Amino acid sequence: SIYEMFGNECCLSTGEVIKVIGFKINKLIASICENNEVNQFSAKVELPLNFPGLYKVVADKTPYISIEEITRKVSIGPTRFGHPCFYSPEDIKLANLTIKHGEQITFNSVEEVNGTMAVNCGVVRNNQSHSFTLPLSQEGKFYECEDDQIYTLKEIAEWKIPKCRNRIVKLSNTLHTWDSSNPLPENFDGCLILTPVYEVQAVMKFRKDIVHILSDLDVEVKDITDCYDTSSFLQPLSLEDVFERTSKEFPVVAEIMEGPSGSQKPYNLLYTGKEIIIYKKYQATRVLASEIRSDYLKRHFLIPMSYKGKFKRRPREFPTAYDLEIARNEKEQLHVVATKAFDSPHKELLSVSVGDQFLVQQCQTSEVLYEGRKKIIDVLACEQILSDTYKKVLLPMYMEGGFVEVIHDKKQYQLSEICKEFRLPFNAKVSVRDLSIEEDVLAAMPALQFEEEITDSYLMISSASSPVESWEIPVYRLNMSVHLLSKDVQTVVPPVTKTTVEEISEEQYYMVRRYENQTLHPPPRPPKKPT
């Protein structure tokens with residue numbers, strides 16, 4: 001018989017046939033280190049893969065001696081994580097290209113080229129990408145490049161820990177307040193050396209779930225691959241595997257082998273053994289929204305365009321005059337009230353008192369006298385609202401004051417209207433909740449900030465036994481395994497799709513924003529005072 005403890009098999013019966021389908025890091029042993037080095041006195045803590053926080057990967061100083069060693073030990077794949085970068089301290093001369101020493105080489109994929117296994121690589125020169133291949137037989141010293149991205153521990157475990165090596169990471173953002181249950185020291189901002197603890201993932205002939213076996217289980221096994229019909233085993237597929245199938249292969253019937261955790265509908269309906277219909281794969285738009293509150297415990301949501309509730313505008317806050325310039329648009333005049341006093345060092349520019357009201361006009365330049373010399377600086381032209389008149393004034397663009405918007409618009413908006421008519425970010429509150437949702441979580445929020453539109457990958461599914469409604473499930477945020485059934489799909493046209501507002505964790509929020517903005521640079525900061 002097979003016994004299970006904490007989700008892992010801890011005893012296997014003699015003669016049991018197991019098909020190994022993968023290896024996975026189960027948890028991490030973290031050594032707390034100083035100066036990126038570990039000694040015998042370093043404290044060790046056990047970290048689950050869902051341990052909160054964002055981390056930067058420290059480049060491995062030990063070189064790889066060949067391209068073959070890199071492909072054997074480093075994860076290279078089609079996702080955004082699977083493109084590691086290396087450099088060589090020596091020039092690499094190819095038939096039509098010379099890779100200069102120190103030049104960053106991106107490894108994109110491994111495939112057969114003219115009968116020889118090779119890596120598809122690329123370098124960027126003068127904002128132009130140059131592609132080439134390196135054979136696995138290519139030898140030399142290859143060092144890991146510095147990586148300025150941030151990752152969750154789960155992402156690092158899946159993609160950024162080479163086989164037979166440890167990984168040094170530096171805590172970039174804790175995301176949560178420290179408490180006594182946190183295994184890391186309070187206010188810790190040092191490095192961790194991560195040592196992975198693996199588990200074996202397997203399937204058995206008479207079980208419909210995935211079996212997890214810790215790598216330190218004391219059991220003897222024999223390889224019988226060559227003399228056993230492995231086609232009799234179920235073939236588990238992740239949602240990513242399903243999404244990679246061609247559109248012509250849908251719809252399909254599948255049985256869930258491992259369901260997602262969570263009580264949020266429809267995830268609570270996706271349990272092990274349930275049969276579902278997967279109708280199609282597609283890209284869909286969501287609006288990323290965050291609760292507006294002063295502390296760090298904000299809730300974050302992905303709202304579909306099908307959301308039927310209505311919103312009323314809420315005032316925005318602006319820390320500088322420069323932010324007023326970014327926020328203004330041609331459709332309506334921006335009306336603000338000063339919440340912080342500012343004394344101008346130039347007589348040509350206005351000093352501001354708390355409560356002063358302004359209509360924002362446009363950015364321009366102005367000549368000011370600074371320490372006896374004339375200087376040209378950027379200013380914001382406004383109209384100051386007085387008791388019975390308007391006065392044209394200039395505010396320095398570098399002014400670090402504080403302003404809050406005055407809302408005159410009482411109209412109620414659909415989400416699609418907001419995205420069409422206004423520039424995000426946009427502050428709003430639900431005025432009419434979506435009655436098609438059993439519990440509209442957005443209606444309970446005092447105020448929301450719509451931050452940006454994102455595009456993500458989804459599968460449309462329904463229950464196979466009673467396909468009365470369908471749901472959209474995210475491919476990359478739902479940990480779920482299925483196997484396909486050779487059943488005909490009775491309902492080819494999907495039933496009505498239920499609107500689902502997806503609440504995401506703090507880590508997922510940072511990941512979504514990172515992926516959307518990875519090609520964008522942060523906006524320039526306000527001009528500094530003239531010197």
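Q: How far apart do the C-alpha centres of domain 2 and domain 3 lie?
A: The structure is a predicted model, where local features need pLDDT of at least 70, side-chain atom pairs count only at pLDDT 80 or more, and totals for chains, interfaces and linings use all residues. Residues are numbered from 1 along each chain as its sequence is written, and side-chain values use heavy atoms, leaving out hydrogens and water. Domain 2 covers 63-145 and domain 3 covers 317-405, with bounds from an automatic or database domain assignment. Their C-alpha centres are separated by 53 Å.

Q: Is L350 buried or exposed?
A: Buried means under 20% relative accessible area and exposed over 50%, with partly exposed in between (1.4 Å probe, protein chains only). The relative accessible area of L350 is 16%, so L350 is buried.

Q: Which residues is L350 in contact with, leaving aside its neighbours within four places in sequence?
A: Contact means heavy atoms within 4.5 Å. With those neighbours set aside, the contacts of L350 are F342, S344, F358, Q384, V393, L394 and L395.

Q: Which side chain of opposite charge is nearest to D147?
A: Asp and Glu count as negative, Lys and Arg as positive, while His and the chain ends are not counted. A salt bridge needs a side-chain nitrogen of Lys or Arg within 4 Å of a carboxyl oxygen of Asp or Glu. D147 is buried and has no salt bridge; at 4.2 Å, the nearest side chain of opposite charge is K160.

Q: Which backbone nitrogen does the side chain of D147 reach at 2.9 Å?
A: Leaving aside neighbours within four places in sequence, D147 is in contact with V57 and K160. At 2.9 Å, the side chain of D147 reaches the backbone nitrogen of Q149.

Conventions. Polar contact = N/O pair within 3.5 Å; in protein donor to acceptor, adjacent residues only side chain to side chain.
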